[in-house]
Amino acid sequence: MTPPHPDPLARARLLTSPSVGPAVVRELERITGRPAVPVYATAPDVPFVFVGDVLPEALRVPGLLWFHSVYAGTDALLASGAWPEGALLTRTVGRMGERIAQYTLAWVLAECQSVPEHTAQHSRAEWRRLPSELAAGQTAVVHGTGHIGSAVAGLLRACSVRTVGVSRTPRATPPGFDRVVLAGSEEETAALAEARWVVSALPLTGATERFFDAARFTAMRGATFLNVGRGATVDMAALEAALHGGTVRRAVLDVLPDEPAAPGDRVWRLPRTVITSHSAGITADEDVVADFESCWQEVAEGRTPALAVDTRCGY
């Protein structure tokens with residue numbers, strides 16, 4: 001994750017993919033002080049910086065100094081081919097943590113106020129009083145204690161929800177969490193049994209694939225499961241069994257292992273489940289511009305950007 005040397009960066013060409021809109025391209029040109037050119041079919045013969053959504057195989061060459069992804073997740077990018085040695089990878093986070101936290105809180109409060117049940121009653125023109133429950137004092141277990149997980153926990157905690165983070169490595173308690181436990185520990189199992197809501201904000205890596213398995217779902221005692229991380233971190237067959245068995249009360253899935261789900265996919269028939277088509281934290285143009293500019297300033301000062309990705313770990 002060493003930043004590019006200032007000399008090659010000063011003469012590097014700026015490339016952008018077709019997915020990057022004209023307004024963003026103009027801002028990238030302003031930040032870098034050089035014109036942007038469309039992505040090459042073959043790599044240019046000079047060092048280059050590339051901003052886009054995917055990195056074509058033709059550009060995975062030593063001349064690549066830095067790739068800035070317009071997305072927060074980089075699992076698909078890293079899985080699609082060997083990463084060029086020495087090339088910096090940064091990502092766009094922007095205000096995604098706020099957006100995903102708001103999404104999570106919205107579903108938590110909707111459930112507390114029986115919004116799904118009221119909606120169903122309305123469709124039947126039925127008048128029947130339904131109970132509500134308080135979120136305050138209940139427990140949310142958030143798997144993933146990074147930027148997004150901390151934002152989710154912070155907003156839930158502001159509503160007096162107890163927040164337990166689950167981390168794969170020992171760490172100090174990040175902002176937003178009441179405490180953090182280790183994945184795979186007895187403390188995690190106990191927290192899952194206590195949880196009213198279980199939130200996954202995990203990235204997809206070799207260690208997190210199918211992380212939510214039968215054992216974790218069985219440890220729950222009627223919790224609602226919300227996935228705002230990556231779809232492949234969930235064993236969908238285990239989730240389906242847990243929904244039918246009752247250890248999972250309901251599920252809110254913003255992400256799936258295979259997207260988009262086909263109309264005939266069985267995920268549409270999961271009981272008490274809502275799927276929201278990967279829209280909890282859509283990246284805005286201003287997020288791309290702000291994060292690239294921040295990274296550019298850090299690189300220009302010889303520092304590794306805060307948004308740099310360790311390509312060996314995947315996050």
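**View 1. Contacts of Glu240 in a predicted model.** In this predicted model, Glu240 touches Arg266 and Leu270, when residues up to four places away in sequence are not counted. Glu240 has its place in helix 9, which covers residues 236–245. With a relative accessible area of 17%, Glu240 is classed as buried, because that value lies under 20%, the cut-off for a buried residue.

**View 2. Gly94 in the loop between strand 5 and helix 4.** Gly94 sits in the loop that runs between strand 5 (88–90) and helix 4 (96–112), and Gly94 is partly exposed, with a relative accessible area of 25%. Leaving aside residues up to four places away in sequence, Gly94 touches His147, Asp287 and Asp291.

**View 3. Pro131 in the loop between helix 5 and strand 6.** Pro131 is found in the loop between helix 5 (115–123) and strand 6 (139–143). With a relative accessible area of 63%, Pro131 is exposed, because the value is over 50%, the cut-off for that class.

**View 4. Helix 2 alongside helix 10.** The axes of helix 2 (residues 22–32) and helix 10 (residues 285–300) come within 10 Å of each other and cross at roughly 15 degrees. Helix 2 is therefore roughly parallel to helix 10, as angles under 35 degrees are counted in that way. The crossing of helix 2 and helix 10 is right-handed.

**View 5. Residues that meet between helix 2 and helix 10.** On the side of helix 2, the residues in contact are Val24, Glu27, Leu28, Arg30, Ile31 and Thr32, while helix 10 contributes Asp285, Val288, Val289, Phe292, Glu293 and Trp296. By class, this contact of helix 2 with helix 10 has 7 nonpolar, 1 polar and 4 charged residues.

Conventions:
Residues numbered from 1 in each chain as written. Predicted model: local features only at pLDDT ≥ 70, side-chain atom pairs only at ≥ 80, totals over all residues. Heavy atoms only, no water. Helix = DSSP H or I, 4+ residues; strand = E, 2+ residues; numbered from the N terminus. Buried < 20%, exposed > 50% of the residue type's maximum accessible area, 1.4 Å probe, protein only. Contact = heavy atoms within 4.5 Å. Axes fitted to C-alpha atoms, helices over the stretch in contact; angles between N-to-C directions. Parallel < 35°, antiparallel > 145°, perpendicular 65-115°, else oblique. Left-handed = near helix turned anticlockwise from the far one by under 90°. Nonpolar A, V, L, I, M, F, W, Y, C, P; charged D, E, K, R; others polar.
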